[in-house]
Amino acid sequence: MEPGFAVHNAKRIFLGFQKLLGKPIPVGVDNLTWTLVKPTRSERFDMDVSDIEASKEDYSKLNAAVSVMHECFEPIKDPHTGSDLVENVIFCRGSDLKRLNFQGFYTVLLERNDALISVAAIRVFGEKLAEIPLIGTQSQYRRLGMCRILMNEIEKKLMEFGVERLILPAAPSVLDTWVTSFGFSKMTESERLRFLDYTLLDFQDAVMCQKLLMEIP
């Protein structure tokens with residue numbers, strides 16, 4: 001693909017995600033909705049009262065998302081900074097170091113009547129790929145297919161935007177579930193080498209998996 005097309009498509013996908021922010025989208029079953037959320041940068045000077053209220057609501061939802069992730073994962077501390085990785089991702093904290101710059105992440109919330117059920121963190125790298133390094137479900141909603149519903153909605157939207165593949169780091173204990181139930185496959189070493197230019201979030205002992213969303217010529 002020509003570089004110009006790649007930049008154009010990346011901008012198109014970015015603008016598509018921006019239009020989705022904060023708008024609950026019905027799933028079509030059990031009064032479920034999914035919403036894309038990202039923290040509002042407080043340095044904006046054009047925020048009116050409604051923007052500020054929306055920003056407060058976003059932060060409340062993001063704090064709830066962090067709680068769900070903490071319930072699902074052992075604490076993940078960055079070895080160099082000691083900061084909480086889940087909080088860094090959910091709140092899109094930036095850094096001059098690429099591997100510590102999480103500003104490109106969005107949080108996807110699956111809710112029923114404003115009750116938070118499942119959460120995923122997603123980052124899109126243009127048409128080539130998207131990653132979901134973190135996804136979790138509140139304990140009382142587990143084993144009810146909620147993670148599958150959220151993944152289906154995310155995959156449908158990525159396909160609408162023309163994203164080719166979805167990548168995630170699977171813990172060994174749930175690798176079989178991702179492969180047999182969600183249609184992912186383990187990435188080979190050569191496949192991983194193809195994406196060295198992308199700063200993907202990985203975890204110790206995790207197995208990088210991928211799912212092709214589009215036919216790749």
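Phe102 is buried, with a relative accessible area of 2%; buried means under 20% relative accessible area, exposed over 50%, and partly exposed in between, using a 1.4 Å probe and protein chains only. This is a predicted model, so local features need pLDDT of at least 70 and side-chain atom pairs count only at pLDDT 80 or more, while totals for chains, interfaces and linings use all residues. Residues are numbered from 1 along each chain as its sequence is written, and side-chain values use heavy atoms, with hydrogens and water left out.

**The chain as a whole**

- You'll find 6 helices and 8 strands in the chain; helices (H or I, at least four residues) and strands (E, at least two) are DSSP runs, numbered from the N terminus.
- Going along the sequence, the pattern reads α-β-β-α-α-β-β-β-α-β-α-β-α-β.
- The chain has 217 residues, and 44% of them are buried.
- Its accessible surface is about 12100 Å², with 53% belonging to carbon and sulfur atoms; such areas come from the Shrake-Rupley method with a 1.4 Å probe, and for residues only the protein chains shown count as cover.
- Take the contacts (heavy atoms within 4.5 Å) with a separation of 6 or more: 62% of them are between residues 24 or more positions apart.

**Nonpolar cores**

- In soluble globular proteins, nonpolar side chains tend to be buried together.
- A nonpolar core here is a set of buried Ala, Val, Leu, Ile, Met, Phe, Trp, Tyr and Cys residues joined through side-chain atoms within 4.5 Å.
- The largest core has 35 residues, and Leu110, Ile122, Met151 and Leu158 touch the most other members.
- Elements giving two or more residues to this core include helix 1 (3-20), strand 3 (105-112), strand 4 (115-125) and helix 4 (146-160).
- Which element gives the largest share of this core? Helix 4 does, with 6 residues.
- There's also a second, separate core of 22 residues, with Leu62, Leu85, Val86 and Cys92 among them.

**A look at helix 4**

- Helix 4 has 15 residues and reaches 21 Å from its first C-alpha to its last, close to the 21 Å expected at 1.5 Å a residue; the expected span is 1.5 Å times one less than the number of residues.
- Its buried residues include Met146, Ile149, Met151, Glu155 and Leu158.
- Leaving aside neighbours within four places in sequence, Met151 is in contact with Ile132, Ile135, Leu166, Leu168, Trp178, Phe182 and Phe184.
- Glu155 is also found in helix 4, and it is buried at 8% relative accessible area.
- With neighbours within four places in sequence left aside again, Glu155 touches Leu166, Phe184, Lys211 and Leu213.
- Gly162 follows the helix, and its phi is positive, near 80°.

**Rings and charges**

- Rings of Phe, Tyr and Trp (its six-membered ring) pair if their centres lie within 6.5 Å; planes under 30 degrees apart count as stacked, over 60 as edge-to-face and the rest as tilted.
- By this rule there are 8 aromatic pairs.
- One of them joins Phe102 and Phe105: the centres are 6.3 Å apart and the planes are at 45°, so the pair is tilted.
- Phe105 is buried, with a relative accessible area of 0%.
- Phe195 and Tyr198 are also a tilted pair, because their ring centres are 5.9 Å apart and their planes are at 55°.
- Phe195 is buried at 6%, whereas Tyr198, at 25%, is partly exposed.
- Phe17, Tyr106 and Phe161 form one aromatic cluster.
- A charge sits over a ring if NZ of Lys or CZ of Arg is within 6 Å of the ring centre and within 35 degrees of the ring normal.
- The charged end of Lys38 sits over the ring of Tyr106, 4.4 Å from its centre.
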